[in-house]
Amino acid sequence: MKITEYGIKDRQLQKEGHAQKASAEQKEYEQASGHKRITENNTVIAKHRGSRLLEKILERDNMNLAYLRVKRNKGAGGMDGMQVDELLPYLKDHKDELLQQLKRGKYKPNPVRRVEIPKEERGKFRKLGIPTVVDRVIQQAIAQVLTPIYETQFSEHSYGFRPGRGAHDALKACQKIADRGNVYTVDMDLEKFFDTVSQSKLIEVLSRSVKDGRVISLIHKYLNAGVLEHGIYAKTPQGVPQGGPLSPLLSNIMLNELDKEITRRGHEFIRYADDCVILCKSRKSAERTLENLLPFIERKLFLKVNQEKTKLAHISQIKYLGYALYRSKGKYKLRIHPKSIAKMKGKVRVLTARSNGWSNEGRKDKINQFVRGWVQYFRLADMKGMLREIDKWVRNRIRLIYWKQWKRIRTRFEKLKQFGIEAREAWKFANTRKGLWRTVHSPILSKSLGNKEIASLGYMTMTDYYLKVCEN
């Protein structure tokens with residue numbers, strides 16, 4: 001293998017004969033799913049808490065399962081350019097060498113590839129670090145073995161990136177706590193959490209449970225691997241690169257220290273990743289809670305609280321995981337926060353833009369996919385009336401797309417007849433001088449491209465899908 005100018009081994013593969021690898025892949029890994037739960041057995045893991053933990057990570061079954069999960073998740077390649085489809089041939093050719101390097105402590109992870117994802121706030125970005133596909137497999141294998149160890153230690157009030165738990169569980173728990181009268185919140189914002197984690201503190205916390213020094217050393221190497229941004233290498237003396245399979249677990253391990261401290265002080269709270277809300281009986285209690293926790297967070301965990309974004313407010317005034325809460329008939333219920341609605345509308349505008357060059361079939365698939373995903377996430381909210389208005393707006397944007405595509409009078413005439421408009425009326429409609437939006441709201445399109453006609457074209461409505469999956 002060649003050495004790059006950064007001292008990184010080149011892992012690019014020749015693609016000759018790549019198509020013939022499919023059957024070999026199926027044969028080699030067809031039994032891996034039979035061992036899917038082996039890393040979830042705490043009894044098995046307990047035997048490897050000491051100096052043999054690395055061997056457990058590198059076991060064939062665990063590595064096979066890690067490969068399968070990385071392959072299933074797909075994702076973009078890292079800084080070496082290798083894609084997920086190229087991973088199996090590489091592992092088959094270099095498996096023994098890779099395992100020996102890991103066992104001897106000689107393996108050197110590649111820097112992550114920096115990717116910036118726009119945040120809701122205009123001009124701000126979330127920095128992701130994309131590891132190479134080989135490093136993703138190794139990180140996944142580590143996470144599979146460490147997760148059962150730490151699951152026994154994590155708080156019941158923590159919901160992010162944990163097996164069998166998710167955002168909906170956090171929101172339901174938040175409702176229950178609010179119903180008990182804890183309605184004044186400390187909505188805490190940890191400033192650039194993933195970028196500012198103290199690596200030495202994280203290693204100290206890891207070392208309390210992980211007694212295999214080789215595993216600690218390997219994790220430390222991943223933390224210090226650095227980033228490659230616009231072809232320029234930069235060191236990472238602090239932070240946990242957000243984007244690899246290991247980073248969610250490491251963030252939970254670090255923030256579990258905060259969970260334990262909040263629990264020790266007797267507060268009710270909900271934490272999803274670095275998004276933490278503490279619920280108190282009164283505003284004064286919330287103020288004292290924040291004041292007393294700040295020294296622990298900043299001096300013990302070496303994290304920084306964003307004072308501008310951290311709020312002391314009634315629970316009805318905060319946004320949590322895209323939702324807001326309101327009181328109705330003595331109980332707290334969930335609705336969609338206005339900012340989440342605005343974000344959704346922005347996405348719909350992109351999907352229904354007339355200048356993106358998509359085919360009607362491709363656009364329909366993208367819209368339906370977005371509708372399913374968005375409604376599934378917000379299915380806990382009361383939003384039937386709002387969705388009817390949104391569907392009406394979306395249908396008008398779809399009508400506008402088709403009308404714009406029927407540019408010529410003759411085309412409009414023929415299309416209108418296809419949708420059941422009588423020839424004389426179709427000719428009159430086709431010759432309209434009205435502007436685009438006036439045409440959309442006129443009988444011209446409400447008659448030809450009515451709700452039933454749009455549904456027959458295959459477009460899904462948010463209301464119909466919501467009624468299938470809603471939980472309120």
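Trainee: So where is Phe302 found?
Mentor: Phe302 sits in the loop between α12 (283–300) and β8 (311–314). Helices here are DSSP runs of H or I with at least four residues, strands are runs of E with at least two, and both are numbered from the N terminus.

Trainee: Before we go on, what kind of model is this?
Mentor: This is a predicted model, where local features need pLDDT of at least 70, side-chain atom pairs count only at pLDDT 80 or more, and totals for chains, interfaces and linings use all residues. Residues are numbered from 1 along each chain as its sequence is written, and side-chain values use heavy atoms, with hydrogens and water left out.

Trainee: Ok, back to Phe302. What about its phi?
Mentor: Phe302 has a positive phi of about 60 degrees, although it is not a glycine. Most residues other than glycine have a negative phi.

Trainee: And is Phe302 buried or partly exposed?
Mentor: Phe302 counts as partly exposed because its relative accessible area is 48%. The cut-offs are under 20% for buried, over 50% for exposed and partly exposed in between, using a 1.4 Å probe and protein chains only.

Trainee: Which loop holds Ala273?
Mentor: The loop between β6 (268–272) and β7 (275–280). Ala273 also has a positive phi of about 60 degrees without being a glycine. Ala273 is buried, because its relative accessible area is 7%.

Trainee: Switching topic: how many helices and strands are in the chain?
Mentor: The protein chain has 21 helices and ten strands. It has 472 residues, and 48% of them count as buried.

Trainee: How about the contacts between residues at least 6 apart in sequence?
Mentor: Of those contacts, 72% join residues at least 24 apart. A contact means heavy atoms within 4.5 Å.

Trainee: How much space lies in the largest cavity?
Mentor: About 120 Å³. That volume is the space filled by probe spheres set on the grid points, which are joined across faces, edges and corners.

Trainee: Which residues lie nearest its centre?
Mentor: Val112, Gln139, Tyr222, Leu223 and Pro241, out of 15 lining residues. The helices α6 (133–151), α10 (213–223) and α11 (247–264) each supply at least two residues of that lining.

Trainee: How does the lining divide into nonpolar, polar and charged?
Mentor: Ten are nonpolar, four polar and one charged. Here Ala, Val, Leu, Ile, Met, Phe, Trp, Tyr, Cys and Pro count as nonpolar, Asp, Glu, Lys and Arg as charged, and the others, Gly among them, as polar.

Trainee: Tell me about Pro241 then. Which residues does it touch?
Mentor: Leaving out residues up to four places away in sequence, Pro241 touches Val112, Tyr222, Leu223 and Ser247. Pro241 lies in the loop between β5 (232–234) and α11. Pro241 is partly exposed, because its relative accessible area is 22%.

Trainee: On to α4. Where's Arg69, and what does its side chain do?
Mentor: Arg69 lies in helix α4 (residues 60–73). Its side chain makes a polar contact with the side chain of Gln144 at 3.3 Å. A polar contact is a pair of N or O atoms within 3.5 Å; within protein, one must be able to donate a hydrogen and the other to accept it, and residues adjacent in sequence count only if both atoms are side-chain atoms.

Trainee: Why does Arg69 count as buried?
Mentor: Because its relative accessibility is 15%. Asn64 is in helix α4 too, and Asn64 is buried, with a relative accessible area of 10%.

Trainee: Last one: where is Glu86?
Mentor: Glu86 is in the loop between α4 and α5 (87–104). A polar atom of the Glu86 side chain lies 2.8 Å from the backbone nitrogen of Gln83. Glu86 counts as buried, at 6% relative accessibility.

Technical notes. 1 Å grid on protein atoms, 1.4 Å probe; cavity = no way out; pocket = protein on both sides within 12 Å on 5 of 7 lines; lining within 4 Å.
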